[in-house]
Amino acid sequence: MKLIADSGSTKTEWAWVDNQGVVMHRQTTEGINPVHQQEADIRRVLQTITIASPVDSLHFYGSGIRPELRQFMRSLLGSHFGVSEVEAESDLLGAARALCGQEEGIACILGTGSNSCLYNGREIVANTPSLGYILGDEGSGAFIGRNFLNAMYKGRLPKSLQELFEQDMKLSLSDIISHVYRQPMANRWLASLTRFIYRYTTEYDELSLLVTDCFGQFLRNNVLPYQRSDLSLSATGSVAWYFQTELAHAASLCCLKIGKIEQAPMQGLISYTCMSSIKKNK
């Protein structure tokens, strides 16, 4: 039995999987991020897990798993679950393995934030720094939400769309300023606006063009520097999933071809882990 975890700062998905890739048990807990959480906080989250059965190996992929924190997470997870074979890797490597398997490719995360890498089928060989939602995160939900508000309140979108937004969301400009500058987690709030944007992309071509431009900035700034237009670009995350049309359009403008688009990486991680295990045992 293997235990696979896909963790973000908000939630962690856990899957107990047999050697044939059949999911025997699933559980969702709070997110785990060793950059922002103390050991006691992580242990508290782990205590909420119902251990379905003993496991032979544990494969944890999460945000905040930096090289200097890998051993800390391996030790913590290994002692809690009573297992010696433990992987603790970044969510970006998890995305690459889920999307590309053991093949070379370009893997991207497009959710609340954004990230990308060049992957050789085993490990990440190049990564353009994301820099977060203030300095970067092009193509992310937060970036799209920010650009939408900027375009709307500076008159680059139809007035009718602004009226519809303020009516649907029950927000004024002063409310928006408060959410962005005075309340915590501004990036998550900005990303939440993509639900409204998605709902009206077919009605307002201007929204579809805005999202396409945001993806274009992501590709030009983060992906084209890899200079591997021969490889397919694959992506995981809710923003990539719901705005597939705009992502494909932006990719074509950059002469890039789209590979897989997945809403979440878990199924791909299950396939990768089981395939790796079969190869290892041959």
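Author: Let's start with a term: a helix is a DSSP run of H or I with at least four residues, and helices are numbered from the N terminus. With that in hand, we can read this predicted model.

Reader: Thanks! Where does T202 lie, then?

Author: T202 sits in the loop between α9 (194–199) and α10 (205–223).

Reader: Is T202 buried or exposed?

Author: The cut-off for exposed is over 50% relative accessible area. T202 has 73%, so it counts as exposed.

Reader: And how far apart in space are T202 and H36?

Author: Their C-alpha atoms are 39 Å apart, and 166 residues separate the two in sequence.

Reader: Let's step back. How many helices and strands does the protein have?

Author: Its secondary structure comes to 13 helices and 10 strands.

Reader: How does the radius of gyration of the protein agree with that of a compact globule?

Author: A compact globule of 282 residues would have a radius of gyration near 19 Å; the protein has 20 Å, so the two agree. Along the principal axes, the C-alpha atoms fill a box of roughly 60 × 45 × 30 Å.

Reader: What share of the residues is buried?

Author: Buried residues make up 50% of the 282. The protein exposes about 13,800 Å², and carbon and sulfur atoms supply 50% of that area.

Reader: Now a helix, please. What should α10 span at 1.5 Å a residue?

Author: The 19 residues of α10 should span 27 Å, and the end C-alpha atoms are 26 Å apart, which agrees.

Reader: Which residues of α10 are buried?

Author: Here is a general idea to bring along: an α-helix has 3.6 residues a turn, so residues three or four places apart point the same way. Among the buried residues of α10 are L207, L210, C214, F218 and N222.

Reader: What about α2, and which elements do its buried residues pack against?

Author: Helix α2 (residues 70–81) has 12 residues and reaches 16 Å from first C-alpha to last, close to the 16 Å expected. Its buried residues are M73, L76, L77, G78 and F81. They pack against the strands β1 (2–7), β2 (11–17), β4 (57–62) and β5 (85–90), and against helix α1 (39–47). After α2 comes G82, whose phi is positive, near 65°.

Reader: How should I read a positive phi?

Author: Most residues other than glycine have a negative phi. In this structure, L131 is not a glycine, yet its phi is positive, about 70°. L131 lies in the loop between β8 (124–126) and α4 (132–135), and it is exposed, with a relative accessible area of 57%.

Reader: And what is the phi of M185?

Author: Phi of M185 is near 55°, again positive in a residue other than glycine. M185 is in the loop between α7 (173–181) and α8 (186–192). With 49% relative accessibility, M185 counts as partly exposed.

Note on methods. Residues are numbered from 1 along each chain as its sequence is written. This is a predicted model: local features need pLDDT of at least 70, side-chain atom pairs count only at pLDDT 80 or more; totals for chains, interfaces and linings use all residues. Side-chain values use heavy atoms; hydrogens and water are left out. Helices (H or I, at least four residues) and strands (E, at least two) are DSSP runs, numbered from the N terminus. The expected span of a helix is 1.5 Å times one less than its number of residues. Buried means under 20% relative accessible area, exposed over 50%, partly exposed in between (1.4 Å probe, protein chains only). Contact means heavy atoms within 4.5 Å. The radius of gyration is taken over C-alpha atoms; the globule rule is 2.2 Å times the number of residues to the power 0.38. Accessible areas come from the Shrake-Rupley method with a 1.4 Å probe; for residues, only the protein chains shown count as cover.
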